[in-house]
Amino acid sequence: MSPSQPHIGLIALDRWRGGVIYTHNLVRALARLPESERPRLTLFCRGNSELFDEIADLADSVVVYQSLLDRLFGQTRFEVDAQRINASVGAALLREAAPELARVARRKRVEAIFPVSVQYTRLLPTAIAWIPDLQHCFLPEFFSRLARAARDNSFPALLRDPNRHVVLSSRCALDDAIRAYGPPLAKTHILHFATVPLPDWFQDPAPFVAKYNLPPSYFIVCNQFWIHKDHLTAFRAVAKLKSQGLRVDLVCTGPTQDNRHPEFFPQLRSQIKELGIEKQVHILGMIPRADQICLMSAAKAVLQPSQFEGWSTVIEDARSVGKAVIASDFPVHVEQAAPGSSFFHMGDADDCARAIAFFLQAKAECLPFSRAQHDARVLDFARTFMGIVNAALSRPSPATPENQIQPQEIPS
């Protein structure tokens, strides 16, 4: 850590698995920076810090914060409602949705904090906003009326604030925001995150294939079982190939519970049975991340059928270990442009089956992979983030030969 670099507070997104992985990758990417470029880093966790134990030693400190309502209703079925009430009261009285976080952040002398998703940040030090995607605008049926209203209240308020810096995960997300809310007055930045691979991701995957009793040849889907992830298109493609005499096994990892639609996973199970592919679909649920990546390495390719992403962690994970991807043609997947990518029409099981069959015929799973090139991409991620922080603090970014990456600011 360099004393000339800012002290950054990162808010742990611990209620969202993708957010947990995002935080891990950002902390690890910043730790890869040369000492002269590395910021002070404090990680703020609501309630507990267990999900972040493995990156705690990369931060200068880890701080757990709670409101009174968190202490009363944490770990109960009223936890989320209590957090919403606390934010609403803080916003109404103080124009600050997280006064308890603001207090501890100022006590720790944090200069900038990331990410925030609401406009009520009067007491936070230089709050940098993040809008991962605009899914609620384009797939509103997957959100409650309350969730849609909350986003449609906070996102445009952030984008219309000329004093605000707002990070978006993709050019697609920025285009969606402009379509939904008009040209932004805020200073907007695109930050393409990168997966930071760990040493144990490159071990022999064979023991992991045996551990989960998997067939020697398979494709893998690594998504939560949420409706928009569109597992069903992949399952229908497997059934289509089976009807053509081609057996394809599909391994699925990820949480099977969608709190918004608890009936979805049981229905998906029933559809697997109706399609007659029970013996070809291997649902593992949540497994250790190192196990998941090793299974990804052993797969023929990663299948990503999702209908909406801010920036696909799955595709970034595949890129980090040199694994080919067969993805839906959702614009973010195309924007990510992972080496060896091929695409099928989103939601089209016949075209997905065609893409899988073509991949098998082409025997295209072996990709040239350079860890040095990927390490450089990780540094780009870290330096772009630091450029955004420095811009928000009105500080010049270091102009060393090592650091020529500028924040991708988009003019209003």
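Modeller: Gladly, and let us begin with a single residue. E316 is buried, with a relative accessible area of 0%. Buried means under 20% relative accessible area, exposed means over 50%, and partly exposed lies in between, using a 1.4 Å probe and protein chains only.

Biologist: Before we go on, what kind of model is this?

Modeller: This is a predicted model, where local features need pLDDT of at least 70 and side-chain atom pairs count only at pLDDT 80 or more, while totals for chains, interfaces and linings use all residues. Residues are numbered from 1 along each chain as its sequence is written, and side-chain values use heavy atoms, with hydrogens and water left out.

Biologist: Thanks! Which residues of α12 are buried?

Modeller: First, the name: helices (H or I, at least four residues) and strands (E, at least two) are DSSP runs, numbered from the N terminus. Helix α12 spans residues 313–320, and eight of its eight residues are buried. They are T313, V314, I315, E316, D317, A318, R319 and S320. After α12 comes G322, with a positive phi near 75 degrees.

Biologist: Which residue forms a salt bridge with E316?

Modeller: A salt bridge is a side-chain nitrogen of Lys or Arg within 4 Å of a carboxyl oxygen of Asp or Glu. Here the partner is R377, and the closest N and O atoms are 2.6 Å apart. This pair links distant parts of the chain, since R377 sits in helix α15 and E316 in helix α12, 61 residues apart. R377 is partly exposed, with a relative accessible area of 22%. Together, E316, R319 and R377 are linked in a network of salt bridges.

Biologist: How many salt bridges does a search of the whole structure find?

Modeller: The search finds 17. Another one joins the side chains of D317 and R289, at 2.9 Å from N to O. It also links distant parts of the chain: D317 lies in helix α12 and R289 in helix α11 (residues 289–298), 28 residues apart. Both D317 and R289 are buried. For another case, look at R247 and D249, whose side chains meet at 2.8 Å, N to O. R247 is exposed, at 53% relative accessible area, whereas D249 counts as buried at 7%.

Biologist: Which residues touch the most other members of the largest nonpolar core?

Modeller: A nonpolar core is a set of buried Ala, Val, Leu, Ile, Met, Phe, Trp, Tyr and Cys residues joined through side-chain atoms within 4.5 Å. The largest one has 43 residues, and L10, L26, L30, F114, I128 and F385 touch the most other members. Elements that each supply at least two residues include β1 (7–11), α1 (17–31) and α15 (371–392). The largest share, eight residues, comes from α15. A second, separate core of 31 residues includes C252, I283, C352 and A357.

Biologist: What does F114 touch?

Modeller: Contact means heavy atoms within 4.5 Å. Leaving aside residues up to four places away in sequence, the contacts of F114 include G9, L10, Y22, L26, I128, W130 and F385.
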